[in-house]
2 protein chains.
Amino acid sequence: MDGAVKQVSNTQRAVDELRRLIFSGELGAGSDHLESELAERLGMSRTPIREAALILEAQGLVEMRPRKGLRVLALSPSDMRDIYDVLTELESLSAENAARLGYSDEELRHLATAISDMEEALERKDLEAWAKADDAFHAELVRLGRNSRVQAIAGMMVDQVRRAKAMTLQIRPLPVKSNEDHRGVFEAIRSGNAAEARRIHYAHRTHAKTMLLELLEKYRFLHL
Amino acid sequence: MDGAVKQVSNTQRAVDELRRLIFSGELGAGSDHLESELAERLGMSRTPIREAALILEAQGLVEMRPRKGLRVLALSPSDMRDIYDVLTELESLSAENAARLGYSDEELRHLATAISDMEEALERKDLEAWAKADDAFHAELVRLGRNSRVQAIAGMMVDQVRRAKAMTLQIRPLPVKSNEDHRGVFEAIRSGNAAEARRIHYAHRTHAKTMLLELLEKYRFLHL
DNA sequence: GCATTGATTAACGCATACGCAAATAAATGC
DNA sequence: GCATTTATTTGCGTATGCGTTAATCAATGC
């Protein structure tokens, strides 16, 4: 019955696969790739590759240049600042709205779980696990904000900085302060304090942005 | 030499033309259109139409549904709220950054022009001209904020509400208060008062959102 | 010796064609 | 007469092919 019928189009597969290749770094930042080459690599024809490329271009991950192929976009520190500024605004709005909407403890369970996962990962000094839980926290926060556009945009922005986050993970200071902030945002949401939720989260993101930009300044050689 | 060589791809022409058809209402909200039908209408084959459709879908203007064709997305009041919330946040950020960046009077000329255009249009009760100048003001504000992502996102959001704005233009109260707000934002930017620029613009957008949502509540029949 | 122009080739834009999936209409069985 | 199944049609997903454009390299002229 569920025989796992492959209900997904080749275009969708191409999008997923290309995203994976980009995030894993197999397609490095700034690198060019011909459509035909990618088509062969993914075992499909040029058309679904082109359609996937148009989608990824709209999401800001690649650039299509005639006769040059797909270019995986590199991120300058200025790009990072731009992206983090957007995330700061939209997530802060989400925190405010989440607090205003007044969720039950049950509905906030995912958020709580993400926080304790982070704390636990931090004790174990498991940075990978921490980053994953951190992603989960931010995604869940945005979800609770109940704004479909914010969710879509935040998702795109997170995608764009994914590589950079992974690369700086090893050289950044231990995110101890982050966890305090998360708890603060959580408590503000739980108690319905919208202004406070926004304020704390805004400060949290701003702090993270500053830290990251200083890091990029220091390790200028890092190519994102 | 310049013989007006058509240097633009058919895909780009299709994007432009479809956008125009959507904004003009020739392709009404919620309506379905077959790719082949649109191809014939625009005098090209299905391929550039498909590519254009993928781009427009990524920008949230249409939806591609297998065997149903392209659907022009309709906007619910909830969508409008979501979109205006995003615009509120990102434009407020832009206002703050513009003030912080410290522009000269010369660099602020476009902004000033947009404001006086609005005031003039308002005296003539020329709502069309007012709306156009209002668009110009917001676009210029975002441009001055100097954040490429914000510019791209704000552009998409403005596109999505373009039809709704046009339809409500005739039934909304005269935008007298708007013009005061714009002057306030302008002065704050000119004097480098970042917090004030953000605050005024935030209030301005919030007010406009409330007004629009009440209007939609009242004229429920308006299909956007 | 350098520059400019022409040829060759690589890559893409667009069109067309084919096969499959889904929706609708028709027909048969209950 | 209604429901279920089958056939037909419609429309899209994907592939392929061709014409066009641009980039590279070589050759010739200055």
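Me: Is A:Glu119 buried, partly exposed or exposed?
Reply: Partly exposed, because A:Glu119 has 26% relative accessibility. Buried means under 20% relative accessible area, exposed means over 50%, and partly exposed is in between, with a 1.4 Å probe and protein chains only.

Me: What should I know about the model and the numbering?
Reply: This is a predicted model, where local features need pLDDT of at least 70, side-chain atom pairs count only at pLDDT 80 or more, and totals for chains, interfaces and linings use all residues. Residues are numbered from 1 along each chain as its sequence is written, chains are lettered from A and ligands numbered from 1 in the order in which they are written, and side-chain values use heavy atoms, leaving out hydrogens and water.

Me: Back to A:Glu119. Which helix holds it?
Reply: Helix H5 of chain A, residues 109-123. Helices (H or I, at least four residues) and strands (E, at least two) are DSSP runs, numbered from the N terminus.

Me: What is A:Glu119 in contact with, leaving aside neighbours within four places in sequence?
Reply: A:Asn179 and A:Arg183. Contact means heavy atoms within 4.5 Å. There is also A:Pro175, 56 residues from A:Glu119 in sequence. The C-alpha atoms of A:Glu119 and A:Pro175 are 9.7 Å apart.

Me: Zoom out. How many helices and strands are in chain A?
Reply: Nine helices and three strands. Along the sequence the pattern is α-β-α-α-β-β-α-α-α-α-α-α. The radius of gyration of chain A is 19 Å, close to the 17 Å from the globule rule for 224 residues, so chain A is as compact as a globular protein of that length. That radius is taken over C-alpha atoms, and the rule is 2.2 Å times the number of residues to the power 0.38.

Me: What share of chain A is buried?
Reply: 48% of its 224 residues.

Me: And what share of the contacts is between residues 24 or more positions apart?
Reply: 76% of the contacts in chain A with a separation of 6 or more.

Me: New topic: charges. How many positive and negative side chains does chain A have?
Reply: 33 positive and 36 negative, with the centres of the two sets 4 Å apart. Lys and Arg count as positive, Asp and Glu as negative; His and the chain ends are not counted. Each charge is placed at NZ of Lys, CZ of Arg, CG of Asp or CD of Glu.

Me: How many salt bridges over all chains?
Reply: A search of the whole structure finds 58. A salt bridge is a side-chain nitrogen of Lys or Arg within 4 Å of a carboxyl oxygen of Asp or Glu.

Me: Which residue does A:Asp32 form a salt bridge with?
Reply: A:Arg65, with the closest N and O atoms 3.6 Å apart. A:Asp32 lies in strand S1 (residues 32-33) and A:Arg65 in strand S2 (residues 62-65), so the pair ties together parts 33 residues apart in sequence. A:Asp32 is partly exposed at 34%, and A:Arg65 is partly exposed at 24%.

Me: Where do A:Glu140 and A:Arg143 lie?
Reply: Both lie in helix H6 of chain A (residues 127-144), three residues apart, about one turn of the helix. A:Glu140 is buried at 9%, whereas A:Arg143 is partly exposed at 41%.

Me: Which residues are linked with A:Glu17 in a network?
Reply: A:Arg20, A:Glu26 and A:Arg41, through salt bridges.
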